[in-house]
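Morning, everyone. I'll be quick.

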Amino acid sequence: MRSEEHASQPTYHDETGAPPTDEIESGQLLDFRPGIQVELTALAALGFSKPLIAKLAGLSRQNGTTVEAELLACGDVREDAYYGAIARLLRLPFVSSLDPALVVILPSTDAQLTRPTIVRIAHRNKAQEIAIVPEAARLSQIAATLATLPLVGRDLVITTPSAIRESVWKADAARRIRETTNTLFEQRPLLSARVVLAGHQGFYGGSFLTTLACLLLIAPIDTLLALHIVLSLTYFSTLCLRLSAMIRQTLVAPERVPVAPPFGPLPRYTILVALYREEDMAEQLVASLKRLDWPASLLDIKFVCEIDDRQTIEALKVLEPGPQFEIVEVPAYGPRTKPKALTYALKGARGEFTAIYDAEDRPHPLQLREAYRRFRAAPSELACLQAPLIITNARESWLSALFSLEYAALFRGLLPMLGRMNMPLPLGGTSNHFRTSALIAAGGWDPYNVTEDADLGMRLYRLGFTADVMRHQTLEDAPLSIKVWTSQRSRWFKGWLQTWLVLMRDPARLIGEIGIKPFCVIQLLVGGMLLSSLLHPLILVFLGVGFSAMLRAPIDTLPLEVVGLFAIDFTNILGSYLIFLGLGIGSMTDHEKRLVGRRWVAVPLYWMMTSFAAWKALRELRTKPFHWSKTPHMPRRKES
């Protein structure tokens, strides 16, 4: 079938509604899978040509799907044309869209988001109707039933899977968005960032600050010295974690993870992309996702858009990306954050695995294949795989160059080490691949945490799951504007602060859940990273004061503690810069190094900007904790 006209003249040859069989009794169409001949017969009755059916049957056998699924995914047949032909064949009314206000809400209605087959329509001025999506394999059975019991068809109408999903999303949206926003807080309040600072945390924090103020008044010199020692050693300890990653990168050859080949039919894969004001990115995004090497019939790609972002929604609709794509409109309720939108869309995820991408992402075509093989070869505790993010516009400015160094150090230096050590993994905000069941068991993303990726990585570990990294990359562009970079970075820091406060609601419980070693790693990863960013200017001040004191006093009269603290401060500052560069450059290809060039000399300025963003985040945590600072994106014109 190549057009709607071909499907408009289906014919049954006997009174029982049984389709003809002479058209499919050939070596070309014969298929010995159980029940497949019934489906082939039905498609022949709908007027599809034998060569097309044979081609689709081959894809069905290869992908472990139905022939009907391959037909609808191939792009040659419109969904409404196909089901319209079925309606004519069965002599039933066809409706291409359903009024959400008339959909009857039942406890099982949400199931129609993942397997749309039937909904009840309650009309105001006539009897209720049942809208169904018949399967090709059951057409002969339905036709025979209607021929025998014609009254059965009186209240039936034929519709499409898309029409059912769209109407169900909208019909009960108010209840669903309330659950999305509140479930994690109501069921697991200790894991939710909805309460920024728990009462006992505020008490202990206030007590500490009061005690510190009193000590500064009573013994200022001794207190400042003790504070200097504690802060410097804390700063130094955070460097040691990255130093170990750099040493491992230099001395240890990369491990080749054994990957078993996939067996059996491929599973369905869900891809979620949260979008807001991204109309300019629509065409590039769709093209990138279409390059993924995965059968279209087994892809469930959802563009998750805010309901009032009509520009992005219309830009996506104009592209008509294909039947594997779906637009999910998120109602305006609660915090307007990416994690809330993703968790809302998760209710409709149909895949065994779920991947997350951002609007600007260009994932490697084989990324889904690698993730699937890794999951199949690993125990069920492996809940997430993080793909490395690589910056491609490092040549365009010193800011993007240093951003690319930072990403290389994190995604190809630090995270691989943590994964091999089976330690908690702070996920990146994109290119995460999940077992959908584990993601649902963890409660999805926290709608109130503005760095939802890191929070989810910690929560998965607390619940007994693990995460690791993969090899096939995703390409991104770094911000080129200092204003955009600062806004994005302060949001990340704010989310890290939220994550640390959630983790430290009950430290004893956290240690009991994950053990003392992972607890210490979390403190270095989350708390240490925050503290080092906040303290960087202060360490510079300490270094300057120590250097001034050493210049004024004779060497033989210098107190040992002054020399020791100066050495630690000097190590902290120099180590910050050298480890940042060493871990980043050591993770890069020669091509990436050429793109960065000599812009690495701006590392001290980059660290001061990072500290400014951290202090900005600390202020925003008090004034607007759940505000999501949107990072604007522009289409990529040319790969570097």
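This is a predicted model: local features need pLDDT of at least 70, side-chain atom pairs count only at pLDDT 80 or more; totals for chains, interfaces and linings use all residues.

Start with strands β9 and β12, residues 466-469: they pair in the parallel sense, over four bridges.

Now turn to β11, residues 432-435. Three bridges join this strand to β9, and here the two run antiparallel. Look for C384, whose bridge partner in β11 is F434. For anyone new to sheets: strands pair through backbone hydrogen bonds, either parallel or antiparallel.

Is β9 enclosed or open to the outside? Count its residues, 382-386: five of the five are buried, so the strand is largely enclosed by the rest of the structure.

Next, another sheet. Three strands make it up, in the order β8-β13-β10. The sheet is open, and its pairing is mixed. Which strands sit at the edges? They are β8, residues 362-363, and β10, residues 389-391. Each of these pairs on one side only. β8 meets β13, residues 474-476, in the antiparallel sense, over two bridges. Within that pairing, P363 has T474 of β13 as its bridge partner.

There is a helix on this sheet too. Helix α14, residues 398-420, lies across β10 and β13. Against β10 it runs at about 160°.

Stay in this area and find E592. This residue belongs to helix α21, residues 590-596. Is E592 buried or exposed? Its relative accessibility is 8%. The cut-off for buried is under 20%, so E592 counts as buried. What does E592 touch, leaving aside residues up to four places away in sequence? The answer is I390 and R412. In sequence, E592 and R412 are 180 residues apart. In space, their C-alpha atoms are 13 Å apart.

Last stop: a pair of helices. These are α4, residues 79-90, and α5, residues 139-148. Their axes come within 10 Å and cross at roughly 35°. Who makes the contact? From α4, we have I86, L89 and L90. From α5, we have L139, I142, A143 and L146.

Definitions and conventions
Residues are numbered from 1 along each chain as its sequence is written. Side-chain values use heavy atoms; hydrogens and water are left out. Two strands pair if DSSP finds at least two bridges between them. Contact means heavy atoms within 4.5 Å. Axes are lines fitted to C-alpha atoms, for helices over the stretch in contact, and angles run from 0 to 180 degrees between N-to-C directions. Buried means under 20% relative accessible area, exposed over 50%, partly exposed in between (1.4 Å probe, protein chains only).
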